[in-house]
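Hi everyone, thanks for making time today.

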Amino acid sequence: MTLDMDVMAPLMFGGLVVFLLLGFPVAFSLSAVGLFFGFLSIELGFFTSAYLGNLPLRVFGILANDLLLAIPFFTLMGAILERCGLAEDLLEGTGQLFGKVPGGLAYAVILVGAVLGAITGTVAASVIAMGMISLPIMMKYGYDMRIATGVIAASGTITQVIPPSLVLIVLGDQLGKSVGDMYAGAIGPSILQVLLFIGFIVGVSIFAPHRVPPLPDEALTMRGWPLIWRVAKGMVPSIVLIFLVLGTIFLGLATPTEAGAMGAVGAVVLAWANGRFTWDLIWQATQNTARITAMVIFILIGATVFSLVFQGVDGAIWIEHLLSKLPGGQVGFLIFSQIFIFFLAFFLDFFEIAFIIIPLLAPVAAKLGIDLVWFGVLICVNMQTSFMHPPFGFALFYLRGIAPKEVKSSDIYWGAIPWVGLQLILVAITIFWPESVTYWIDKGTGVDPSTVRIEVPLPDLPEDDAPPVFK
């Protein structure tokens, strides 16, 4: 029996699925499947051994990619900020500020989650910090357990969409788009996500106020200038860090890598100013950073091996034929791809989806005329649900790890369901209202550089003179 080239791409994809279902590490599964089918394709004459000679060049291109340096910088910044006391100042101040109204603590968690997302870029830092500070207070003053755990976990996942999200950096690299455009495109969905979460708490406070009671007077210990100082103590450093990281990128003063480096330095300064700076903190932060960075690089190298062979057996053509004929054109493709990614997120984390699936979907999206920044932000919005549903649901795991024993795991999981629904509503809004993304992107001059002609007139010369010769 001889294998036809038409079946190689489906066999590769199926082989990868089998390896992942068996529980093998993703990076090594990608490499193993890619190399096996690569050698098999050489033996069957689908391409020559010289084709695999491109692999070292592609791996070197990954290691030499300056943009990917932003990942360890932003990870280090988040790891330091997780322990520097900024979250405590923000939560305590805003909790006192909104504590008088029903759902006040939930509003504080949502707003602080958005601010932490804009300065840390990591879900773990936001969920752990807010869970340790807010959950005991919510439990003490009678919050419904499912509302309390759900709002903390969901507010931490806003970090995935709000710049400087690590997901947006990776997606920008995979889609060939600038990180600045990805960050600008994510502004609209980030605002909408916060408003949806706040709207949900408003609804609960109107129709079931007993589930989100206001704080009693004895719990409101700060008023007047002390309260203003407490809020400012958390907000002002946050605004400075947001400008260092995002403002410099949007103004064109720094690349994402440079902005990440400034953010990491700013986090160290903030930890020192709050009296939390220790060498042990730096050691733990760098360990965490090295672990995440190594994981990303190994997955990316494995994905490169797989994608090189997959392209060699015309896998891109197979995917294109599979997806470009879907009914509904652009909208049909977007709906199908988002449902596909939503279910993949039950089994793969966002790095794996970005490195494996996005290179397969992006060419089809481009051929259908879909703006790739819009497509990338839409995927980022969708992938935040992976932190909120089983079996992985990392935000739920983080919360379970720091929650008191009397908090049931069932309350954490059931509490997440309404918030996953709100995230999916945002996915639908982003699909049917692309301007929520594209409105914020710099449109440039609108002139196609390829159509620009530069004509330089020659000087007037006597008829008997030869034209000048340029060497």
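Before we start, one term: when I say two residues touch, I mean that they have heavy atoms within 4.5 Å of each other. And please keep in mind that this is a predicted model.

With that in hand, let's begin inside, at I169. Which residues does I169 touch, leaving aside residues up to four places away in sequence? They are L67, A70, I71, F74, V179 and Y183.

I169 also belongs to the largest nonpolar core, which has 150 residues. Along with L81, L171, F333, F375 and M388, I169 is among those that touch the most other members. Helix α15 supplies the largest share of this core, with 12 residues. As general background, nonpolar side chains in soluble globular proteins tend to be buried together.

Now let's turn to helix α16, residues 315-323. Its buried residues are G315, I319 and L323. Looking down the axis of α16, these buried residues fall within an arc of 55°, so they line one face of the helix. What covers them? The cover includes α1 (8-21), α15 (279-312), α17 (329-344) and α19 (358-367).

Finally, the surface. V331, I335, I339, F343 and F432 make a nonpolar patch of about 470 Å². Helix α17 gives the most to this patch, with four residues. Is I339 buried, exposed or partly exposed? I339 has a relative accessible area of 45%, so it counts as partly exposed.

That's my tour, and I'm happy to go back to any part of it.

Conventions
Residues are numbered from 1 along each chain as its sequence is written. This is a predicted model: local features need pLDDT of at least 70, side-chain atom pairs count only at pLDDT 80 or more; totals for chains, interfaces and linings use all residues. Side-chain values use heavy atoms; hydrogens and water are left out. Buried means under 20% relative accessible area, exposed over 50%, partly exposed in between (1.4 Å probe, protein chains only). Helices (H or I, at least four residues) and strands (E, at least two) are DSSP runs, numbered from the N terminus. The arc is that of the directions from the helix axis to the C-beta atoms. A nonpolar core is a set of buried Ala, Val, Leu, Ile, Met, Phe, Trp, Tyr and Cys residues joined through side-chain atoms within 4.5 Å. Patches are made of residues with over 30% relative accessible area and no salt bridge: like charges are joined within 9 Å, nonpolar side chains (Val, Leu, Ile, Met, Phe, Trp, Tyr) within 5 Å. Accessible areas come from the Shrake-Rupley method with a 1.4 Å probe; for residues, only the protein chains shown count as cover. A salt bridge is a side-chain nitrogen of Lys or Arg within 4 Å of a carboxyl oxygen of Asp or Glu.
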